[in-house]
Amino acid sequence: MKYCFYPGCSMEATAQANLKSIKAVAEALGMHLEEIPDWNCCGATVVSSVVGDFTQQVMAARNLAIAESMGLDVVVGCSSCYLSLAITNKRFKEDEHFRAVANEALAAGGLKYEGSLRVRQFLEVVINDAGLEKVAQMVKRPLDGLKVAGYVGCQTVRAIPYEFDDPEYPVFMDRLIEALGAAATEFPMKARCCGSSNALAATDIVVDSSRKIFASAAEGGAQVIATPCPMCQMNLDAYQQRVNQLHGTNYYIPVLFFTQLMAIAFDLSTDAWALDYCIVSPYNVLAPFTGGK
Amino acid sequence: MEQKNTLTEPVKYDLSFAREIYSLENGYYIKQCMQCGMCAVACSTREIMDYSPRQLFNLIKLGKKEEVLSANTFWYCTSCCTCKARCPRGVPLVDVMHDLKKYAIEQGYDQYPQAAFYKAFWAEVAGRGKVFEGGVTARYYLIRGLDEVKKALAMKDVGMNMLKHKRLPLLPPKKVRGLGDLKKIIHKAQELQRKEARA
Amino acid sequence: MSGLTAAVEAAEVGCEVYIVEKNPYLGGKVTQINQYFPKLCPPNCGLEINFQRIKKNPRIHFFTMAEVEEISGQEGNYEVSVKINPRYVNENCTGCGKCVEACPAERANAFNYGLDKTKAIYLPHEFAFPMKYVIDDQSCQGAGCGKCAEVCEYQAIDLSMQPKNVKLNVGAIIWATGWEPYDATKLSYYGFGRYDNVITNVMMERLAAPNGPTKGKIVRPSDGKEINSVAFIQCAGSRDENHLHCCSSVCCLASLKHATYVREQYPDAKICIYYIDIRARGKYEDFFTKVQEEANITLIKGKAGEVKEDPSTKELVVIAEDQEAQKVREEKFDLVVLATGMAPSTAASKVPADVSYDEDGFLISDSGIYAAGCVKHPLDVASAVRDATATALKAIHSTVRGQQ
Amino acid sequence: MEKKIGVYICTGCGIGDALDIEALSKVAAGEYKVDICKTNNFLCGKEGVELIKKDIEAEGVNTVVIAGCSSRVNYDVFNFGSDKIVERVNLREQVIWCHPANDEDTQMLAEDNLRMGLAKQKNMNLPEPYLVEDMSKAILVVGGGLTGLTAALDAARAGYKTVLVEKEAELGGYAGKMYKQVPLKPPFTELEENCIPGLIKAVQDAGVKIYTSATIEKTAGAPGMFNVTIKQNDSTVQERVGAIVLATGAKPYDPEKLAHLGYGKYENVITQAALEEMAAAGKLEAGKVAFIQCAGSRDQEHLPYCSAACCIESMKQALYIKEKNPEASVYVYYKDIRANGQYEHFYKKAQQEGIIFIKADVTDISEEDGKLTIEADDHTMGTKSIADEFDLVVLANGMVPTAALGEVVQLNEPAEEEAAAASDEPKVELPPVIKANLLNLDYRQGPELPPLKYGFPDSHYICFPYETRRTGIYAAGVVRAPMDMLSAVEDATGAALKAIQCVEATAKGEAVHPRSGDLSYPEFNMTRCTQCKRCTEECPFGAINEDEKANPLPNPTRCRRCGTCMGACPERIISFKNYSVPMIGNMVKAIEVPEELEEKPRILVFACENDAIPALDMAGINRLQYNPWVRIIPVRCLGSLNLVWVNDAMAKGFDGVLLMGCKHGDDYQCHFIKGSELAEYRLSKVSETLDRLGLESERVRAITVSIMDYDKIPEILDKFAEDLEELGPNPMKDFQ
């Protein structure tokens, strides 16, 4: 199984844990991820507010144009990147006029994109291509009894509704968590927004949104939160303390990328576990499974 | 939650503003709004929005330019796409909100901190082809000015934690090699975008 | 109802008519309706008369448990091949019901949308026409068991019954396969399927029906408790680009009618109807006016956005933007009824012939093969009957042209 | 015909185990001395039916009495041809399934049911169809608008001679004057060219006989034999037709009554009709236009109903304006947007074209140098709004059926009213009729179709939208009910079918809905008529006219066979071949009423065939148990209840009589409109008589049951039985 891989900016900074674990897990599952050479920022959900959707999508398309020659599905880890690349790709496939004009712009950089590729979220690729059975077989350290809140977040499932799961009440992640031997907790907020890129400009939004998510996770008795999204992971991890300060709560719920949990369950290298990157320390909670390393 | 509703004095309907908004990249779709109110409930930041998207679209229809452009609605949009996924009329609300942010900035309604963040973010991407948190933050505070820095200090514990856990590289990532081409592409895209808008 | 009407009306002009029905009984969806709006009269009354008309009319022939498999030929001369699925009960059945006592197996009662159970051998409902029992081969334990056959004094049960095939030669075809309620699980923000006390409007009909799973008592499915408050959520799937694009045209009146069901049983219950537009066209406006005059019925302009459940009490919270009040309201209810719309049956099972459908999946009439009733447009019963009557004449035109 | 009777008692379904079949057979063979009486344990099975067929062939049995299950089942199995009389005696649903097995009372009930069946067949004869001389199968369509043209075309295409009468000089009606029309086909987004010109041509090509500038002076006769006098210009023509489609359409609501919306005050406040004219004439120049929905409709002060078509018509007209001037600003003020069904697409299309929809109540309209200003309460913004600079304000002023335009007349003549007042008898209210000058029927009960509500001569039935109270005359389109064009087209075709159906049935002497196929009809023994007028007044279908001496003049082809006239007649001169006063009377007499000391009261129930009888069967199917003293006689409709039966019953010593009929009042369920109501009113007349005889009037009651009330039946009957026990036995028993 070969794929083009688009890491995205956060993977090189705030979400290195995601990158490490994705690479290790993919390898373990026999997926070869080929990074798109000289990829650029997709613009996320921010850039279009300054330069408009079209320009942002053309920027994103540059990556697809480069990837097209490789003729492989483009796999994305970051939800926000997935959103912008998937929507861009959809427009190239469905909107002829857009494709023509956008290619006129790409031509300025000597590029062209036909819209031949599929853009996919890593979570979906693990489940649909590798398959839950394969995942279950790989488990060497079953996460028995670990209560995990599967926090898919918003953009992964709503980029293209029903593309691979219910946009409001996704279940993919829960199935995966169960495949690892852990228990997926009841978690109504599993697809609600964490406040996304407002951390800097409107911290209150992030704090308030996170608070609700912690409350919901705690109510379900979750010990850890697992997510595919760097933005969600950052907000929930970095601002958990802040939430407690501002709201007199005392949540202590480590927030991990689902790929980190997979790395542990698969008994891959501790480098792949990348637990040091967690601000809310997961060591105690995970002790029963990380023993010996 | 009590939505802001300052319309005490009678409204005079005026379509000229609406037509301007409808002509934005995704503005066309606003016309399809049937005032059902799904978006008001879907929104994850609805408690702090002064107008729900539905109300905002209504204000546009009524020609209330000032209320619309000074509303916090689109600035507080987190692009979570819930409204977009639910809208029974297929209005891509997130994209519409992007248009409104852009329009507001162009019209000088950029007092909201998000505006600064977006500008900072864009400056980073335009200059490097990739985003560097450190750079974005720095530029953000440059734009916002000193008093904002006080807030920053209140936030420093978060920053420290990030650093401690190797999440804030001090050095920016390598520039995109094809940055020159990328810039050409963006330049061309902007030009075409303006042409498309006129067409 | 449309098919029945088209058949009876055509036959009473003098045509030979064949009815092909996939259910073990005639009458279709209306047999599951408790009362019609706006008169609040029972559908079985009109059905009884239509069945009398069929009984008296030698020109009407019908097959139950039958499906059209193939259509060939052209206007004026079609050959239709019909597959008749095994009923496992033959014409000897006297309807005495001894078999039911003997049957050990149970099945979810489709007639009541799974709200209760019947035995594997069952009478679809009291008014079933023909009044013959039928075996659900999915849940029947088969020849190995055979208890029903033992007790039947009339050799009416034949567990080895095989599908049969009949060929019909007709001049015109009326396709009146009606509609299916839109799948409410696709509206995950309303929690149908996850929350016990969120039901659909068609389920409400059964809950209120004297011959329904609760003998007509409207209660909370979660615990059978009486209700103090109900919310009706309009356009649950209809008028929605993500689901049914068009308006289903009956749901507003259906919910207003359901409000009267609730009011009759619970004089003080709080009733809220969340809507975008109330579409009570023509003289139905009177019914709308009448219901509005009822105490404690609130109409809220604003489509309900979300339903949340309190897992401990199973109470539901409906969140919607009340546009008159300009605020988002969160209201508690014991029961939430989704006004799910009509999906044409052809969305799922197409006509085995070269016909066309509109963008909503409704069947487009063509000379020779005609759509009638809710497979053609979303229609209320009176309009569907009107349409079916009209379609009968169009079919007759085909036979006339066929002879020329 | 010489009757040869065969009685066949089925012992299947537990009948044999629950009843003493021998005793039952004795009733037939002994008491009634029938030629043949046999039993079989599976009568609806092959051998059972063979057994009967053999007797028919070998023994010449021509009257078959079957005692077993309800006549609602096995109707097909026990069909031995139209030349045989078949009478079903219910021993299953109404005896053993709702009464204890091997019980004396149950046995008595079964035997009485058999006696009633045997008594009944004595008075039953095979009906002979009433055939019209010089029968016409032609279809007359009144009104040459969209509905009328469609109906005429569809009737003609089905091969029927068709006559079309239009009062205007030109065909086409309201729709004919339209610039364009709303979409009638998928995708329901595009305006369509006006279909009327094409339709007119098709109607002409189809050979429809057309009268324009013509009105109907008089419609005499009955289905199959209507004689219609058509007045064209100053000459009159006669047409003989078999059935009629009334498609005279509607008129826009009088805008003069909408002064509060500025009509009449400001010349730029216009109606939808006016806008159509402007558009058609190409004179539509406007930069800013407002449409005001529900101008008159949905308004208790004006038209309480919704006019159904205005929302989409306004969208269409708004699109005209955009078509002419894409820069125009167009607003639609609405209560609810009623773009039902697939017109949702049209609504969205209108929005995409930039038409602005505002949910608001218009509070004021004013004018300043030719420009109009609208003040309103905007409901989606919760604010007052003012919009000015309008060049044009269009009122969506709804529709009023042509059938509602005319003087309302009450048909009970004053003389009668006084007479009624004088004699303390209650009187039947005849429905008022509106003299709309459409059909000018030569009917005892008024010149037009009786209106249902708001002047629409609509059907009262959801399941039977073409049910009509004047047989052979079918209203269609907006004269029948408010509807959009798409519905009107369907409605026209449906009405055409019903008209065709009616002439075909009439030609065979059959009744139309609801007793479709019934060949029997009422026959009058005029020698004993006292000209009391009850039959002519009470017939729900206006089937009976009167001559100047007030003698009834029956029109069998107008008749729906409910028997209301038979029930009304104090002289009992009206009867059907297979349904008559003596027939039911003899059934009553056939029942054995035990002596007082036996303490076995008897209750006689007259039950409506359409709802009450099925409900009683359902009680049985659900094995609900109830009082065994009841004896049930099915009647065609309670309207056919003749008081003499009640008298007979009381005289015979019955302790009580119960009438089970359909709901009446506004939401009446009676398929013959007033049957159950009439029965109750007649009953009110007996009560004094009973009191005078020293009999408590509570012994005779009428109740309404719906087909779904089967679960209430035990309670109803048991309660009545209790009440009667309290009253004690009927004193008349002693006079037996």
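Which hand does the crossing of H10(D) and H11(D) have? It is left-handed. A crossing gets that label if the near helix is turned anticlockwise from the far one by less than a right angle, and is right-handed if clockwise.

Some ground rules. This is a predicted model, in which local features need pLDDT of at least 70, side-chain atom pairs count only at pLDDT 80 or more, and totals for chains, interfaces and linings use all residues. Residues are numbered from 1 along each chain as its sequence is written, while chains are lettered from A and ligands numbered from 1 in the order in which they are written. Helices (H or I, at least four residues) and strands (E, at least two) are DSSP runs, numbered from the N terminus.

Back to that helix pair in chain D. H10(D) covers residues 310-324 and H11(D) covers residues 344-352. They pack at an angle of about 30 degrees, with their axes 10 Å apart. Axes are lines fitted to C-alpha atoms, for helices over the stretch in contact, and angles run from 0 to 180 degrees between N-to-C directions. H10(D) brings D:Ile312, D:Met315, D:Ala318 and D:Leu319 to the contact, and H11(D) brings D:Phe346, D:Tyr347 and D:Ala350. Contact here means C-beta atoms, placed from the backbone, within 7 Å. By class, that is 7 nonpolar, no polar and no charged. Nonpolar covers Ala, Val, Leu, Ile, Met, Phe, Trp, Tyr, Cys and Pro; charged covers Asp, Glu, Lys and Arg; the others, Gly among them, are polar.

Is H11(D) mostly covered or uncovered? Mostly covered: 8 of its 9 residues are buried. Buried means 20 or more other C-beta atoms within 10 Å of a residue's own; exposed means 12 or fewer, and partly exposed is in between, with C-beta atoms placed from the backbone. Among the buried ones are D:Glu344, D:Lys348 and D:Lys349. The cover includes H10 and E18 of chain D. Just after H11(D), D:Gly354 takes a positive phi of about 95 degrees.

Next, the strands. E18(D), residues 356-368, runs antiparallel to E19(D), with 8 bridges joining them. Strands pair if DSSP finds at least two bridges between them. D:Ala360 stands opposite D:Asp378. The hairpin has 2 residues between the strands, and D:Asp369 in the turn has a positive phi of about 25 degrees. E19(D) then pairs with E20(D), residues 383-390, antiparallel, through 6 bridges. There, D:Asp377 has D:Lys384 as its bridge partner. This second hairpin has 4 residues between its strands, and D:Gly382 takes a positive phi near 60 degrees.

Now between chains. Which chains share the most contacts? Chains C and D, of the 5 pairs in contact. Chains A and D have no contact, and their closest C-alpha atoms lie 19 Å apart.

Where C meets D, H8(C), residues 381-403, packs on H13(D), residues 485-507, at about 60 degrees, axes 7 Å apart. H8(C) passes H13(D) in a left-handed crossing. Contact residues include C:Arg386 and C:Asp387 of H8(C), and D:Glu490 and D:Lys498 of H13(D). By class, this contact has 5 nonpolar, 5 polar and 6 charged residues.

Key:
Contact = placed C-beta atoms within 7 Å.
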